[in-house]
Amino acid sequence: MEKHASGAAGRPEPDNVIELGAAADDGKREATSWSDLPPREIDSRDWKRFRSNIREIFGAFGMELDTPGTRDTPERFLQALLDSTSGYEGDPKLLTAFPAEGRRGPESRTSQIVEGPIEFQSLCEHHALPFFGHAHIGYIASERIIGISKLTRLVRLFARRFTVQERLGEQIADALVDLIEPVGVAVHLEATHMCTRMRGVEEASRTITTFWRGAFQEAELRREFLHEVRSAARR
């Protein structure tokens, strides 16, 4: 097996942690389609064949493959690609939340939780070239809140896949809705795409996408969120 995994022993969760996900008849939580995914397993014979194919391609494109610096490049490339697509293995640590604090009611619609900038790197599914940038996530809590660090986990879960920026933002927004059923969700992504800088028109532009759910259909809430995003960018 050409894959290595690492991790610390699990710690008991505090008493106020809510385990998310539906429970099956046997009492166990059912896996979600995007978080509880099985580890990828690549047979060593397949890995050797992949490495040979990459070596052939790199050589055909002009790389000298027998220097001290390039001899192991096909192996390093494959391992880097595997690491960069770890989002296909999910992240069960996302499936916990906490009871919301404070009063619930109409006034909660003005109480935004905004996190960012959250750095992300991804691989465009069109050219397998990187795009990277920053995400901002905002939400208005209902009955549950999510740990701030899990918002970073949420972004990186979907970013570490072959994807496009438009889908990435949709997935982040919809997953947060699935997790804690908030009153509203806002996601702002700004990224640089190497497929436009290294090939084609070779432009140095940045791409911005925004995604709204629930209460963020209201223009005033969107303006407040975008004001926070711009303020964070100036700091």
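**Close-up views of a predicted model**

**View 1. D43 and its partner R45.** D43 is partly exposed, with a relative accessible area of 31%. The model shown here and in every other view is predicted. D43 forms a salt bridge with R45. The closest N and O atoms of D43 and R45 lie 2.9 Å apart. R45 is exposed, at a relative accessible area of 63%. Side chains of opposite charge can pair when their charged atoms come close. The structure holds eleven salt bridges.

**View 2. A salt bridge between R55 and D66.** The side chains of R55 and D66 meet at 3.0 Å, N to O. The pair links distant parts of the chain, eleven residues apart. R55 belongs to helix 1, residues 44–60. D66 sits in the loop between helix 1 and helix 2 (73–84). How accessible is R55? R55 counts as partly exposed, at 31% relative accessibility. D66 counts as exposed, at 58%.

**View 3. A salt bridge between E125 and R167.** Here the side chains of E125 and R167 meet, with 2.8 Å from N to O. The two residues are 42 residues apart, and the pair links distant parts of the chain. E125 is in the loop between strand 3 and strand 4, whereas R167 is in helix 4. E125 is partly exposed, with a relative accessible area of 37%. R167 also counts as partly exposed, at 32% relative accessibility.

**View 4. A network of charged side chains.** Which residues are linked in a network of salt bridges? They are E170, D174 and R213.

View 5. Helix 4 covers residues 165–180. The helix has 16 residues and reaches 23 Å from its first C-alpha to its last. That span is close to the 22 Å expected at 1.5 Å a residue. Which residues of helix 4 are buried? They are Q165, L168, G169, I172, A173, A175, L176, L179 and I180. These residues cover an arc of only 165° around the axis, so they lie on the same side of helix 4. An α-helix has 3.6 residues a turn, so residues three or four places apart point the same way.

View 6. Helix 4 is followed by E181. What is the phi of E181? The value is positive, near 45°, in a residue other than glycine. Most residues other than glycine have a negative phi. E181 is found in the loop between helix 4 and strand 7 (184–193). E181 is exposed, with a relative accessible area of 55%.

**View 7. A128, another residue with positive phi.** A128 has a positive phi of about 60°, although A128 is not a glycine. Where is A128 placed? A128 sits in the loop between strand 3 and strand 4 (130–140).

**View 8. The peptide bond from G116 to P117.** Is this bond cis or trans? The bond from G116 to P117 is cis, with omega near 0°. Most peptide bonds are trans. P117 is found in strand 3, which runs over residues 112–124.

Conventions:
Residues are numbered from 1 along each chain as its sequence is written. This is a predicted model: local features need pLDDT of at least 70, side-chain atom pairs count only at pLDDT 80 or more; totals for chains, interfaces and linings use all residues. Side-chain values use heavy atoms; hydrogens and water are left out. Helices (H or I, at least four residues) and strands (E, at least two) are DSSP runs, numbered from the N terminus. Buried means under 20% relative accessible area, exposed over 50%, partly exposed in between (1.4 Å probe, protein chains only). A salt bridge is a side-chain nitrogen of Lys or Arg within 4 Å of a carboxyl oxygen of Asp or Glu. The expected span of a helix is 1.5 Å times one less than its number of residues. The arc is that of the directions from the helix axis to the C-beta atoms.
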